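The sequence and structure come next.

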Amino acid sequence: MIRRTTRTTVLSSAVALTAALALTACSNGGSDDSGGPGKPELEVSGAFIPQPVMDMAGGFLTITNDSETADKLVSVTSPISDDVTIHETRNQKMQEVKSFDIPAKGVLNLERGGNHIMFMKLKQQPKQGEKVSIELHFEKSAPIKVDVPVEAPNHNPKQH
């Protein structure tokens, strides 16, 4: 009788622990227990790199933040370059910046003629049809890995 009771108690404890862990995982979504804003909820879309014609390339994408918490894109890394930076374009001049704001319930567009990613001193020349792995690093959010398609050198998607 003792053996069966012990087994039942252990099994009941395991079920209770599993349920508690599942509930904890579900509750860590968009907000914390205080009712305040949670972590940013970021989504990347429209990413592309025009096929480079020299030893550098530009990267373009859109980051959408569906949460009530603002964030910042602070850096980008990629195996194709040890020198990946983020740039803004003002008055037709490019300059490196430390970060880009991603507003709460807002969008960050990195696009031709505007803010963008720069891959300098490429270790390899990616060709049209290939994909380049990048990792976006943020002030608050966990990094996001993206496999970015390499498009024709003159590729410029229409803006909606």
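Asp147 is found in strand β10 (residues 144-151), where strands (E, at least two residues) and helices (H or I, at least four) are DSSP runs numbered from the N terminus. The model is predicted: local features need pLDDT of at least 70, side-chain atom pairs count only at pLDDT 80 or more, and totals for chains, interfaces and linings use all residues. Residues are numbered from 1 along each chain as its sequence is written, and side-chain values use heavy atoms, with hydrogens and water left out.

**Asp147**

- Asp147 is exposed, with a relative accessible area of 52%; exposed means over 50%, buried under 20%, and partly exposed in between (1.4 Å probe, protein chains only).
- Leaving aside neighbours within four places in sequence, Asp147 is in contact with Lys131, Val132 and Ser133, contact being heavy atoms within 4.5 Å.
- Glu130 lies 17 residues from Asp147 along the chain, and their C-alpha atoms are separated by 9.4 Å.

**Chain overview**

- The chain has one helix and ten strands, and the order from the N terminus on is α-β-β-β-β-β-β-β-β-β-β.
- Of the 160 residues, 33% count as buried.
- Among contacts with a separation of 6 or more, 68% join residues 24 or more positions apart.

**Nonpolar core**

- In soluble globular proteins, nonpolar side chains tend to be buried together.
- The largest nonpolar core has 26 residues, of which Ile63, Leu73, Ile117, Phe119, Ile134 and Leu136 touch the most other members.
- Strand β9 (residues 131-138) gives the most to this core, with four residues.
- A nonpolar core is a set of buried Ala, Val, Leu, Ile, Met, Phe, Trp, Tyr and Cys residues joined through side-chain atoms within 4.5 Å.
- Beyond its neighbours within four places in sequence, Ile134 has contacts that include Leu61, Val76, Ile117, Phe119, Ile144, Val146 and Val148.

**Aromatic pair**

- One aromatic pair is found in a search of the whole structure.
- The ring centres of Phe48 and Phe60 are 5.2 Å apart and the planes are at 35°, so the pair is tilted.
- Rings of Phe, Tyr and Trp (its six-membered ring) pair if their centres lie within 6.5 Å; planes under 30 degrees apart count as stacked, over 60 as edge-to-face and the rest as tilted.
- Phe48 in strand β1 and Phe60 in strand β2 are twelve residues apart, and both are buried.

**Surface patch**

- Val53, Met54 and Met56 form a nonpolar surface patch with about 300 Å² of accessible area together.
- Patch members have over 30% relative accessible area and no salt bridge; nonpolar side chains (Val, Leu, Ile, Met, Phe, Trp, Tyr) are joined within 5 Å, like charges within 9 Å.
- A salt bridge is a side-chain nitrogen of Lys or Arg within 4 Å of a carboxyl oxygen of Asp or Glu.
- Val53 sits in the loop between β1 (42-50) and β2 (57-65) and is exposed, at 71% relative accessible area.

**Positive phi**

- Most residues other than glycine have a negative phi.
- Asn91, in the loop between β4 (83-90) and β5 (93-97), has a positive phi of about 50° although it is not a glycine.
- Gln92 lies in the loop between β4 and β5, and its phi is near 60°, also a positive value.
- Asn91 is exposed at 76% relative accessible area, and Gln92 counts as exposed at 79%.

Note on methods
Accessible areas come from the Shrake-Rupley method with a 1.4 Å probe; for residues, only the protein chains shown count as cover.
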